[in-house]
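Notebook open, structure loaded. I'm jotting down what I look up as I go.

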Amino acid sequence: MGNTVNESAIKKLKLLFTVVDRPKGEFYLDVISQFDVNCQLAVGGLGTATSDLVELLGLEPHKAVILSVIREDMVETVMNCLEDKFRTIRNGKGISFAVPLSSVIGVNLYQFLSDNRMGREA
């Protein structure tokens, strides 16, 4: 008999970066968490535009940078949702991109990050 591979056992993970105006940070944390994201971190950031330009354009210089660990198979769905929110939410503009995670050490950590706890299918 050949080896069988459990298809749900291995799901690649990505680190999703989302940068939005700081007052919208909590909103976007909630949006992303609805996609079974178990690990998110929000940190403060500061935009790079000069203060004169910020004032002239009425921009918010203080940013929320949200880092979310998500399964690769969820990236397109999450990005589509974020794109829709960026277009439709008042003062909800932002950017988002994902990069692959090359490794995760520990089975329990991997299961938590991939939302595959206690044999739950991903």
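Which residues of α3 are buried? I get Val 75, Val 78, Cys 81, Leu 82 and Phe 86, with buried meaning under 20% relative accessible area, exposed over 50% and partly exposed in between (1.4 Å probe, protein chains only). Seen down the axis of α3, these buried residues fall within an arc of 140°, so they line one face of the helix; the arc is that of the directions from the helix axis to the C-beta atoms.

Ground rules, before I go on. This is a predicted model, so I note that local features need pLDDT of at least 70, side-chain atom pairs count only at pLDDT 80 or more, and totals for chains, interfaces and linings use all residues. Residues are numbered from 1 along each chain as its sequence is written, and side-chain values use heavy atoms, with hydrogens and water left out.

**Helix α3**

I looked at the other face of α3 next: turned away from the buried side, it carries the exposed residues Glu 76, Arg 87 and Thr 88. Helices (H or I, at least four residues) and strands (E, at least two) are DSSP runs, numbered from the N terminus.

I also ran a length check on α3, residues 75-88. Its 14 residues at 1.5 Å a residue should span 20 Å, and the end C-alpha atoms are 20 Å apart, which agrees. The expected span is 1.5 Å times one less than the number of residues.

**Rings**

How many aromatic pairs are there? I count three, where rings of Phe, Tyr and Trp (its six-membered ring) pair if their centres lie within 6.5 Å; planes under 30 degrees apart are stacked, over 60 edge-to-face, the rest tilted. One of them is Phe 27 with Tyr 28, edge-to-face at 5.1 Å centre to centre and 85° between the planes. Tyr 28 also pairs with Phe 86, this time tilted, at 5.4 Å and 55°. That pair links distant parts of the chain, with Tyr 28 in α1 and Phe 86 in α3, 58 residues apart.

**Asp 21**

Last stop was Asp 21, in strand β1 (residues 13-21). Asp 21 counts as buried, at 18% relative accessibility. Its side chain makes a polar contact with the side chain of Lys 63 at 2.6 Å. A polar contact is a pair of N or O atoms within 3.5 Å; within protein, one must be able to donate a hydrogen and the other to accept it, and residues adjacent in sequence count only if both atoms are side-chain atoms.
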